[in-house]
Each structure stands twice: as structure tokens, then as C-alpha cells.
Amino acid sequence: MSESASCIFCKIVRGEIPAVKVHEDAQTLTFMDVRPASPGHTLVISKAHAPNLLEIAEVDLLAVASTVQRVARAVQKALSPDGIRIGQFNGTAAGQTVLHYHVHIVPMREGQKAGAHGREPANPEQLKVLAAQVRAALEA
Ligand code: AMP
Ligand code: ZN
């Protein structure tokens, strides 16, 4: 089986499993993290499968970077956090759990102690509300 056939994020790209999507373009997909480190925690992935920063094609890397900036601006506009953490892990030893290149966008509040990953699954309805707010800011 190819890496992509069994990859959970490739399955989201192919529509084989659901995700609360925020935005999609030719090269990238943005959706809500199901175990958010904070409300509004969003993931930007490359549609093309690559395990990590070391292996992704530059053209896909640049597309993700551009989407990350757009979505981070939209998160700022929609949710007014005090700061935004951008995170990205390479290899299980570094904390990567899904071996498909992705970037975390985590809204932060002053004094908030949030790890890289959330522990509890989010309420799906709350995720949809947050995704709609970020999408509206992206489209404004
Ligand atoms: P990491 O590989 O450690 O950078 O993080 C992977 C992230 O993907 C974690 O924060 C998970 O909560 C998140 N995640 C895993 N599966 C899904 C999914 N099906 N939909 C949305 N987020 C997911
Ligand atoms: Zn993949």
C-alpha cells in the first residue's frame, strides 16, 4: 500500500473521511484540528502527500506558507487572539503524529498555557461555528 493510501490527511483530501473544512485551493486544504490546543486551532496541509518539511516539494511548501499567512490573518480578524502560535513537527521524535506535512495555527490568549496538541476532542458543532467565522474573515 502506498503511503498516501493509508494516510489520514490524504483521506481527508480525497473526501474519504470527514473534516470541518475552512478553505481549499488547488494545492492546500485548511480544516479545524479535532483535538484543539485552543479554540480556533486550525491545520493547513499540502494536498500532495509528503511526510514532512524535509521531503515536501518546494512548490507545495510555498503554497502552504502562503495559505498559513492568509488563514492566520483571518483567525486574527475573526477571533481576536492576543497572539498566534505557528507549529510544525518533523518525525515522531519531534512530536509529529500524522506523517503528512501540515502546519498548526493556534490562537493564544495572554497567560494561556496550551501545549502543541489538545487532549480532548472538540465539540463538532463548535468546530463548525469557528470554521465559519474564520471562513467569513478569509472571504471578507
Ligand atoms: P502533529 O502530527 O503532531 O503535528 O499533529 C497532528 C494533528 O492532527 C493533531 O493536533 C491532531 O489532533 C490532528 N488530527 C488528527 N486527525 C485529525 C482529523 N481526522 N481531523 C482533524 N485533525 C486531526
Ligand atoms: Zn498524506
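Residues are classed by relative accessible area as buried (under 20%), exposed (over 50%) or partly exposed (in between), with a 1.4 Å probe and protein chains only. The structure is a predicted model, in which local features need pLDDT of at least 70 and side-chain atom pairs count only at pLDDT 80 or more, while totals for chains, interfaces and linings use all residues. Residues are numbered from 1 along each chain as its sequence is written, chains are lettered from A and ligands numbered from 1 in the order in which they are written, and side-chain values use heavy atoms, with hydrogens and water left out.

A search of the whole structure returned three salt bridges, a salt bridge being a side-chain nitrogen of Lys or Arg within 4 Å of a carboxyl oxygen of Asp or Glu. In one of them, K128 pairs with E125, with the closest N and O atoms 3.4 Å apart. The two residues are three residues apart in helix α4 (residues 124–139), so about one helical turn separates K128 from E125. Helices (H or I, at least four residues) and strands (E, at least two) are DSSP runs numbered from the N terminus. K128 is partly exposed, at 46% relative accessibility.

A salt bridge also joins the side chains of E24 and K47, at 2.9 Å from N to O. E24 belongs to strand β1 (residues 21–24) and K47 to the loop between β3 (42–46) and α3 (58–79), so this pair ties together parts that are 23 residues apart in sequence. Both residues are partly exposed, with relative accessible areas of 44% for E24 and 22% for K47. R14 and E16 form a salt bridge in which the closest N and O atoms are 2.7 Å apart. Relative accessibility is 48% for E16 and 38% for R14, and each counts as partly exposed.

Oxygen atoms of ligand 1 lie 2.8 Å from a backbone N or O atom of G95, 2.7 Å from one of T97 and 2.8 Å from one of V98.

Definitions and conventions. A polar contact is a pair of N or O atoms within 3.5 Å; within protein, one must be able to donate a hydrogen and the other to accept it, and residues adjacent in sequence count only if both atoms are side-chain atoms.
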